[in-house]
Structure formats: structure tokens, C-alpha cells
Amino acid sequence: MTQLLENIKMAAAGMEGGAAFALPEIISIEPGALNGVVPFVKAKEWKAPLLVADEHTLAAAGAELEQKFKDAGMGIGINLSLVLPNAQGDVIADEASVVQVLLAVQQNKADAIIVAGSGTLHDVARYAAYTAGLPFVSVPTAPSVDGFTSNGSPLIIRGNKITIPAAGPVAIFADTEILRLAPAPMIAAGFGDMLGKFTSLFDWKYGRLTANEPYSPVVAQITERALQDCVDHAGEIGNHTEQGIRILTAALMESGLAILLFGQSHSASGAEHHLSHYWEMEYIRTGRRQLLHGAKVGVACAEISALYHELANSPELAGSTLGEQVRQEIRRIPAADELRALLRTVHGPSTLEELGVDADLLRRSLEEAHHIRMNRHTLLRARNEGTVGRAVLGQE
């Protein structure tokens with residue numbers, strides 16, 4: 001979508017001090033976008049691209065893409081790296097997956113990486129591309145996360161989730177005919193990932209107000225607009241219409257580009273993401289099947305909303321101008337019941353029970369998840385450290 005890129009370029013030009021980041025050359029979100037991959041590779045004069053997929057995404061788009069290269073000829077020899085699942089049957093972004101792709105890069109003397117998949121495969125492929133010094137092309141197979149444009153990879157390293165610098169895509173070909181056929185839970189997960197911006201945007205404002213964290217009104221506005229587009233079209237997204245899927249995919253891309261514009265993920269990742277990451281690491285530690293990232297984020301957003309609305313009535317926020325400002329910002333977050341209703345509209349899990357997270361894990365995550373990103377001054381962190389009042393009064 002040319003307009004999407006133009007909007008981001010205009011936003012970057014308007015930011016104080018400008019912004020240093022590499023935008024994709026192409027973001028195509030439309031029916032038949034897959035047809036643009038081979039001509040793009042030809043124009044780049046790549047001769048040995050490596051296609052990264054798993055067994056599901058190979059069926060969704062990878063096999064068709066392989067055939068397009070074979071039909072086109074042109075002396076391009078595309079090879080396949082099929083990322084294998086772990087013992088629990090999940091494909092995860094960990095050391096084993098990254099090494100598998102890097103070995104395939106070496107063995108095939110690849111000069112580029114094309115990834116056909118959703119968030120996990122993108123995290124693996126972008127880090128492998130960064131490490132090997134290769135460009136990579138994104139072919140999303142589900143509108144499930146906002147990380148398609150990212151230049152960082154959240155990887156599981158020895159059981160801990162850390163985000164590592166990686167390569168951003170040089171082009172994105174998001175074929176809505178393919179995305180509409182994605183499993184319904186993955187589409188709902190993409191919506192859940194967007195819904196989480198309600199609490200991440202609040203936490204970013206809270207960090208700015210109480211800890212002088214860097215803030216960009218331009219980036220916040222881009223993210224808020226993308227979020228509102230999804231809320232306004234929740235029914236169409238839930239019905240998997242072409243327009244609904246295009247709107248969801250564009251919103252996810254725009255959220256990701258906003259992160260790229262700012263250089264950090266404050267706009268899209270707050271306490272709700274910290275809970276999600278905590279649950280993910282716990283499931284890996286205990287050998288359980290993984291839950292979809294966006295599904296966790298959506299339910300976590302509702303839980304954080306409930307907690308924050310409770311904290312809005314805390315006497316610690318009374319008696320100060322800044323405390324009242326924080327209260328007003330909390331009131332802008334939809335209530336937990338409203339958020340759960342939106343999740344039901346897109347046919348996603350809306351409660352802990354539906355998601356499969358037990359009450360004890362929620363309790364522990366609410367007490368400990370802020371440790372995952374100690375450079376973020378979320379309200380959850382202030383609550384756990386007993387500094388809600390001090391943080392507010394300290395900035396008066």
C-alpha cells in the first residue's frame with residue numbers, strides 16, 4: 001500500500017530531529033499480492049533465494065510461491081528451509097530454529113531470504129537474515145501480529161524471551177486471498193494484538209508522565225488510528241471479509257511501522273505484553289503447547305484494564321494534578337467487559353478460562369511480569385514496587 005508508506009514518510013519528516021530507519025520498498029496488501037514476489041526478486045537480480053516456511057505455511061503459500069519461481073525460470077534457484085517443530089509440536093523462535101535456517105543459508109549459498117509465515121517464522125528469518133547479512137522479503141500467511149515490519153526479533157534463548165536486533169524486510173507481499181483463509185484463531189489473534197494497544201498506549205503515557213520516558217505524539221497518533229480502524233471494523237474482521245482482513249493487516253503493518261519510526265516498541269507493548277511473555281516462558285518451562293501471541297495479548301489487555309481501573313480509585317492518585325491526569329488516562333481505556341466483547345466479536349478467546357491460563361499463573365504474572373522489561377515504567381511495575389504515589393508526586 002503506497003499510501004501507507006507515504007503516510008509514514010510524512011510522519012518521519014515531521015518528527016523532531018527526523019528518524020533514521022529503513023522502510024520496506026514495497027508493502028502490497030491486496031488480492032493477488034503473491035504475484036509480485038517473483039518480479040521483485042528478478043528486479044533485485046537475486047539468483048539463490050532461500051524460502052523459509054513450516055509445514056502449514058508451505059501449504060498456505062510456500063508451495064505456490066515455489067511453483068511460481070519454477071514456472072518463471074529466469075535462472076533463479078529457490079531452495080526451501082522447512083522449520084521443524086519442537087517436542088511439543090510447536091514451531092518456536094528459538095536457538096534451534098535460527099541455527100536450522102542459518103545452516104540452510106550456508107549450504108545453499110543463499111543471497112536472500114523469503115519467509116512465508118506468520119510472526120514466529122518472521123522472527124526466525126529476520127534474525128537469520130541479519131546474522132548472514134542478507135535481505136529478506138516478507139510473505140505473511142496470517143494477519144496475526146504487528147511484527148511483520150519489525151527490525152527486532154523476540155527470541156527464546158535458553159528459556160528466556162529477549163528481543164535482539166534483526167533485519168527489517170525490504171518488501172512485504174500480503175495477499176488478502178491467502179490471509180482470508182488463515183485459521184480463524186490466527187485472525188482473532190491479530191485483532192487481539194491490536195486491542196492490546198489500549199493498555200500499551202496508556203503505559204507509554206504513564207511512563208512519560210512519571211519517569212520522563214521518551215515519547216512521540218506522532219507515533220502515538222499513528223497507533224491510535226490503526227487501533228480505532230480495527231475496533232470500528234471488528235464485525236468485518238470477525239467475518240473474514242476481504243475489507244476486514246485488509247483493514248486488520250494494514251493496521252498491524254502501521255503499528256509495526258510506528259515502532260520502526262520511534263525506534264522502540266513503547267507504543268505497542270506495555271504490561272499486557274509483559275503478561276503474554278511471562279505466560280509464554282512458563283509454558284515453555286513446563287513443556288506445554290504454546291498459545292497464540294495475540295490471543296494472549298488480547299486477554300491480558302482485559303486483565304490489565306481491570307487492574308488499572310481498580311488502581312484509578314487508589315488514594316495514592318488523589319490530591320495531585322498529575323494523579324488526576326493519570327486517572328483520566330486510565331478512564332480512556334475501555335473496561336474489561338468491553339474489551340472481552342470485542343474479542344468475542346472476532347471469535348477469539350475473551351477470558352482466562354477460554355485461553356487456558358489458570359488463576360495462579362495470572363496471579364504470579366501480575367506480580368512478576370514487570371521484571372521482563374525493567375526499562376519500562378508501566379503502572380503495573382509501579383503497583384508492584386509500591387511506588388504509584390511516589391512516582392506521581394515525584395513529578396509534581
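Helix α13 (residues 293–311) and helix α15 (residues 336–345) have axes that come within 8 Å and cross at roughly 165°. Helices here are DSSP runs of H or I with at least four residues, numbered from the N terminus; axes are lines fitted to C-alpha atoms over the stretch in contact, with angles from 0 to 180 degrees between N-to-C directions. The crossing angle therefore makes α13 roughly antiparallel to α15, a term for angles over 145 degrees. To this contact (heavy atoms within 4.5 Å), α13 contributes G298, V299, C301, A302, E303, S305 and A306, while α15 contributes A336, L339, R340 and L343. These residues divide into 7 nonpolar, 2 polar and 2 charged, where Ala, Val, Leu, Ile, Met, Phe, Trp, Tyr, Cys and Pro count as nonpolar, Asp, Glu, Lys and Arg as charged, and the others, Gly among them, as polar.

The model is predicted: local features need pLDDT of at least 70 and side-chain atom pairs pLDDT 80 or more, whereas totals for chains, interfaces and linings use all residues. Residues are numbered from 1 along each chain as its sequence is written, and side-chain values use heavy atoms, without hydrogens and water.

T223 belongs to helix α9 (residues 217–232). T223 counts as buried because its relative accessibility is 0%; buried means under 20% relative accessible area, with a 1.4 Å probe and protein chains only. A polar atom of the T223 side chain lies 2.9 Å from the backbone oxygen of V219. Not counting residues up to four places away in sequence, T223 touches K197, L201, S255, A258 and S267.

D123, in helix α5 (residues 119–132), is likewise buried, with a relative accessible area of 15%. Beyond its neighbours within four places in sequence, D123 is in contact with A93, G152, S153, P154 and L155.

Notes:
Helix = DSSP H or I, 4+ residues; strand = E, 2+ residues; numbered from the N terminus. Buried < 20%, exposed > 50% of the residue type's maximum accessible area, 1.4 Å probe, protein only. Polar contact = N/O pair within 3.5 Å; in protein donor to acceptor, adjacent residues only side chain to side chain. Parallel < 35°, antiparallel > 145°, perpendicular 65-115°, else oblique.
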